[in-house]
Amino acid sequence: MSFGTALKMCRNQKGISQTELSHLSGYSTSYLSLLEKDKRDPNLSTIEKICAALNIPVSIFIFLASNKNDLKGISDELAKQLSLTALQLMEADSANANLST
């Protein structure tokens, strides 16, 4: 998966629009759009700010954005299960946040 695909997936999983993420992260909607289209490569501080805005641990996000070459030594099945678990945890977190508001 690419950074842009992971960003869009996580944003959608959290039910946040690009405009909302723009307000939460401090980055423009157009910049976020370029990131999601993999037309820009963010630095680590940008990734940290976006993950904070999405309330996602950076390590989980980096894992989701990893491609097969980055995951040498991990079977495709294990990577798929870990990704699914991470998404389910984000979904549960979002559901809990909605209940508390």
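Asn55 is exposed, with a relative accessible area of 51%. Here, exposed means over 50% relative accessible area, buried under 20% and partly exposed in between, with a 1.4 Å probe and protein chains only. The model is predicted, so local features need pLDDT of at least 70 and side-chain atom pairs count only at pLDDT 80 or more, while totals for chains, interfaces and linings use all residues. Residues are numbered from 1 along each chain as its sequence is written, and side-chain values use heavy atoms, with hydrogens and water left out.

Asn55 sits in the loop between H4 and H5. Its phi is positive, about 60°, although Asn55 is not a glycine. Most residues other than glycine have a negative phi. The C-alpha atom of Asn55 is separated by 8.9 Å from that of Lys14. Along the chain, Asn55 and Lys14 are 41 residues apart.

The protein chain as a whole comes to 6 helices and 0 strands. Helices (H or I, at least four residues) and strands (E, at least two) are DSSP runs, numbered from the N terminus. Read along the sequence, the pattern is α-α-α-α-α-α. The protein chain has 101 residues, of which 38% count as buried. Contacts were also sorted by separation in sequence. Contact means heavy atoms within 4.5 Å. Among contacts between residues at least 6 apart in sequence, 59% join residues at least 24 apart.

Two packed helices are described by the angle between their axes and the distance between the axes. Axes are lines fitted to C-alpha atoms, for helices over the stretch in contact, and angles run from 0 to 180 degrees between N-to-C directions. Helix H1 spans residues 3-14, and helix H4 spans residues 44-54. Their axes come within 10 Å and cross at roughly 20°. H1 is therefore roughly parallel to H4. Angles under 35 degrees count as roughly parallel, over 145 as roughly antiparallel, 65 to 115 as roughly perpendicular and the rest as oblique. The crossing of H1 and H4 is left-handed. A left-handed crossing has the near helix turned anticlockwise from the far one by less than a right angle; a right-handed one has it turned clockwise.

On the H1 side, Phe3, Leu7, Cys10, Arg11 and Lys14 take part in the contact. They meet Ile47, Ile50 and Leu54 in H4. By class, this contact of H1 with H4 has 6 nonpolar, no polar and 2 charged residues. Ala, Val, Leu, Ile, Met, Phe, Trp, Tyr, Cys and Pro count as nonpolar, Asp, Glu, Lys and Arg as charged, and the others, Gly among them, as polar.

Arg11 lies in helix H1. Arg11 is buried, with a relative accessible area of 8%. Residues up to four places away in sequence aside, Arg11 touches Ile16, Ser17, Gln18, Leu21, Glu36 and Leu54.

H4 also packs against helix H5, which spans residues 58-65. The axes of H4 and H5 come within 9 Å and cross at roughly 110°. H4 is therefore roughly perpendicular to H5. Ile47, Glu48 and Cys51 in H4 meet Val58, Phe61 and Ile62 in H5. This contact has 5 nonpolar, no polar and 1 charged residues.

Ser25 belongs to helix H2, residues 18-25. Ser25 counts as buried, at 11% relative accessibility. A polar atom of the Ser25 side chain lies 2.7 Å from the backbone oxygen of Leu21. The Ser25 side chain also reaches the backbone nitrogen of Tyr27, at 3.3 Å. Leaving aside neighbours within four places in sequence, Ser25 is in contact with Leu32, Lys49, Ile50 and Ala53.

Helix H3 covers residues 29-36. Its residues Tyr31, Leu32, Ser33, Leu35 and Glu36 are buried. The buried residues of H3 pack against H1, H2 and H4. Asp38 follows H3 and is found in the loop between H3 and H4. Asp38 is partly exposed, with a relative accessible area of 37%. Although it is not a glycine, Asp38 has a positive phi of about 55°.

Conventions: A polar contact is a pair of N or O atoms within 3.5 Å; within protein, one must be able to donate a hydrogen and the other to accept it, and residues adjacent in sequence count only if both atoms are side-chain atoms.
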